[in-house]
Amino acid sequence: MKPSATSHLNPDRDFLLRHIQFDKTMVRGDGVYLFDEDGNQYLDFLAQYGAVPFGHNPAQSWDALCAGRGEPSMVQPFYTPAAKQLARELIQLEPEFNFAHAVFTNSGAEAVEAALKMARSTTGREKIVSLHLGFHGKTAGALAVTGNPVYSEPFLVSTAQSIKVEPEDIDALEFAFAGHEIAGFILETVLGEGGMQPLSDAYIQRVAALCRQHGAMLIVDEIQTGMGRLGEYFSVKRVPGVRPDIVCLSKALSGGLVPIGAVLCTKAAWSEAFGYYHSSTFANNQVGCRVALSTLAQLRDGDGALLRHVDAMAAHLDAGLDVLVEKYPDVFSQHQGKGLMHSLRIKPFNGHESYFLAHASVQGYIVPLICGYLVNVSKIVVAPLFNRPDLLRIEPPLIIEREHIDRLLSALDECAHLIRCKQFSSLLSYLVGRQPEELSYSGKATADIALVPNGGQEAGKMPERLGSFAFLIHPTSSEDLLNIMPRSIIDLDGPHKKEFEEWMASWFSRRYEPAPVFHAPRIESKLGGYVEGWLIACPLPPERMMRLPKAHRMRLLEQYVEAAKSVGADIVGLGAFTSIISRGGMDIADAGIPITTGNSFTAIASAESLHKALVATGQSRFDSRVAVIGASGSVGRLAAIHLSTYYASLILVGNSANAQAIDQLGEIAGEIYAQALMQMQRGSGIGLAQYLRSHLVEPLNVVARVNQIVLRDGTPDYRAVRRIVEENLPSPAPIEVSVDIEQVIRNAHGVLSATSVGRSFIEPAWLRDAAVVCDAARPPDLKANVREERPDVLVFEGGVVRFVEPYKFGRANILGFDPTLNLACLSETVALAMSGAKQSYSLGNRIPYDQSLRIYKLALSHGFSDCIATVEGELDLQTAGFAEKSIANLNP
């Protein structure tokens, strides 16, 4: 998806607009309708965030504008007639407010800036109190009193002189005034960007009383709520007993044509310093003031007929939205608002149906996606609330009629119906330029997700909560990426599915922040008790993750950990390439939360599964050769050490592109020899230990020399161990090291592959006849055609274990696993949480083998176990013709 020409305006916003098909160029407006360059008509329920009160191109506003042709517009320091008249009419709108002065500005944000300066200059104090959900503009001063720090922090705006309190929290309000010298309190009567949340009369009254008591200025931001949107010139008029010191206006004052704002204040709020030192170049201009006068005239027409119309339409809209929430409680969790300022809260998706939908909910693009449907399919303009990404904003022009509201309600009903019926292929069809009916075929048979229930509990007995975990996931292939989408999109025909894949690749090229996408409330241990867990997902595949610059990788890892901490996890498990990009967890070892890569259980369980498969197929003999591909990696190294306890002849295979590979493999060979010598001293009669017992020329001398190396302080010199051992053995040595994978695995009866290449590369022809292959890599190292072209070869997935109990982590179940199975790295994370782990495990590239064995046995004790399986389920080797006997009794 290429950038459009509009990216010259704002490339970052253009990215979002293009991906939800909001990048329309509007060329005509007429009343409540907009028309794009392709002739499409849209019903406007956004009204430029309240700045279009009378619809588009109101005749009376244009007449006022055109009537001033020939008049001077910008004449400062002189006055224009319209500015003088506008000031007089504004301060007379509500005589009981006792406004004395008007200051004109070019925007709402500038009006707020002027109001803050006014309050500070009059009181001689600095601190301004505002609300956490308040929004007052995007200039520096306005940002300082805006609640959401996301708008101020990137620009290093100081908020030191701003105090934020929660709406409706009287105690916090009184504490703020008691502890500080306050210049003013700024509020909106309806928190616009804060969710269209009306403030209670009692709260506003208490704010006003405290301002009077402490000599502070009450600043009411009427930029969005004023000029008719709530049925009054000033919405605060409907709060009994409240008289503001300062009021800010803009948006609707412009009539939807020209930028203009105003600050109205009482005589007590004015200061000489403000009068002398505040000014604005474009303020008081004749053009803007002429249009604003027309705005006031249209609001006064018919003795305020339009204001009464707003009240009537507001009641109809309010009732209709309440009905929707009641009808679709599974889709809409809340409606709030007042006048013609409303919002619908979209109920967050929980990941049962789709990790994509859950990710969209947390990361704040689910509402933009729904708005995209309403714009592109229903042809109704609505937008998200940027302060609250789970809220859909409804803010029509004041001239909206009942039939327009009914059309909106019908479109929202249709949208909610599609969500309820899981017809997401229709709901999101517009993303790929399709109509809903074109893709509706795949959504008609969609059924509810059948989640495997947790085990029951004895009556009257409450099991103990043992701890909690977060497990970090991401797709390891294009198939995995598509699998995070809703079922109805996965079931599309190939060409349609491809269109969604292309959209996802483009969208996730920038929007890949991790987020919690599934909550597992209860997973029970065989020993009793349960743990709670979360999946934290990022949509980047391995190749994209590996190409990130180092700083971006570190930021991604920080975001993952922040998400894990946000859900209260006790331990974090690193899935797939999150372990690789963090150097086996070492880069985040000091993140303030225990970490595990899960590589211990992955390695030992994979090695055990390969051994059992070799036993079942009759290939577990003293002379059997086993190759470990990726032996210098964390999983490969541990697997090779463990396999040496069963097999004497090993091939350690490394990456030919790594100039240090042979040396690294030689070091690991020495470590394996050292481990085998320890086993030999303990009396082991199998595997490499037995081979060394039988073949070492001077076993006692070798043991003594190796012990001296291994037991000294510091890191043992395993290269020296290898030399000592192999000098005392007949040739060839039992451990071969190589980077020629194609050549050496032809000689292997068993193969365990655990590379981090990130793509499939092992060809069918490379494998020995009747070989047994355990592919523990994600994505797989073996090419997909191996199973088809080599039916004699037994291929299964490493790193897949029998889960503690049948459990489905949503429809996708991470990588599409059968409910009885899941990843060993996830299982290690769960097992450590069940054991109350307080420290990190399985970190780095050189995990102690003894630690890995302990974790393996710990996992078995909780009910996990290794198995021979694929994603679809366990393999029955006898039925498949690979084995003559069962492997059921081969557990250690």
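**Close-up views of a predicted model**

**View 1. Asn813 sits in helix α30 (residues 813–816).** The model is predicted. Asn813 has a positive phi of about 45 degrees, although the residue is not a glycine. Most residues other than glycine have a negative phi. Is Asn813 buried or exposed? Asn813 counts as buried because its relative accessibility is 0%, and the cut-off for buried is under 20%.

**View 2. Lys251 also has a positive phi without being a glycine.** Its phi is about 40 degrees. Lys251 is in the loop between β11 (246–249) and β12 (261–266). The relative accessible area of Lys251 is 24%, so this residue is partly exposed.

**View 3. A cis peptide bond links Gln76 to Pro77.** Omega is near 15 degrees for this bond. Most peptide bonds are trans. Pro77 belongs to the loop between α3 (59–67) and α4 (81–92).

**View 4. Arg778 and Pro779 are joined by a cis peptide bond.** Here omega is about 0 degrees. Where is Pro779 placed? Pro779 lies in the loop between β27 (772–775) and α29 (786–789).

**View 5. The second largest pocket has a volume of about 1,000 Å³.** Its lining counts 46 residues. Closest to the pocket centre are Ile580, Gly633, Ala754, Thr755 and Ser756. Which elements give two or more residues to the lining? They are β18 (465–473), α21 (577–581), α22 (599–616), α23 (634–643), α24 (661–681) and α30. Helix α21 gives the most, with 3 residues. By residue class, the lining of this pocket divides into 21 nonpolar, 23 polar and 2 charged. Helix α30, one of the lining elements, is also the helix that holds Asn813 of View 1.

**View 6. Ser488 is placed in helix α17 (residues 487–490).** Ser488 has 0% relative accessibility and therefore counts as buried. A polar atom of the Ser488 side chain lies 3.5 Å from the backbone oxygen of Lys422. Leu439 is 49 residues from Ser488 along the chain. The C-alpha atoms of Ser488 and Leu439 are separated by 8.8 Å.

Conventions:
Residues are numbered from 1 along each chain as its sequence is written. This is a predicted model: local features need pLDDT of at least 70, side-chain atom pairs count only at pLDDT 80 or more; totals for chains, interfaces and linings use all residues. Side-chain values use heavy atoms; hydrogens and water are left out. Helices (H or I, at least four residues) and strands (E, at least two) are DSSP runs, numbered from the N terminus. Buried means under 20% relative accessible area, exposed over 50%, partly exposed in between (1.4 Å probe, protein chains only). On a 1 Å grid over the protein atoms alone, a cavity is a set of points where a 1.4 Å probe fits but cannot get out, and a pocket is an open set with protein on both sides within 12 Å along at least five of seven lines; lining residues have an atom within 4 Å of a point. Grid points are joined across faces, edges and corners, and a volume is the space filled by probe spheres set on the points. Ala, Val, Leu, Ile, Met, Phe, Trp, Tyr, Cys and Pro count as nonpolar, Asp, Glu, Lys and Arg as charged, and the others, Gly among them, as polar. A polar contact is a pair of N or O atoms within 3.5 Å; within protein, one must be able to donate a hydrogen and the other to accept it, and residues adjacent in sequence count only if both atoms are side-chain atoms.
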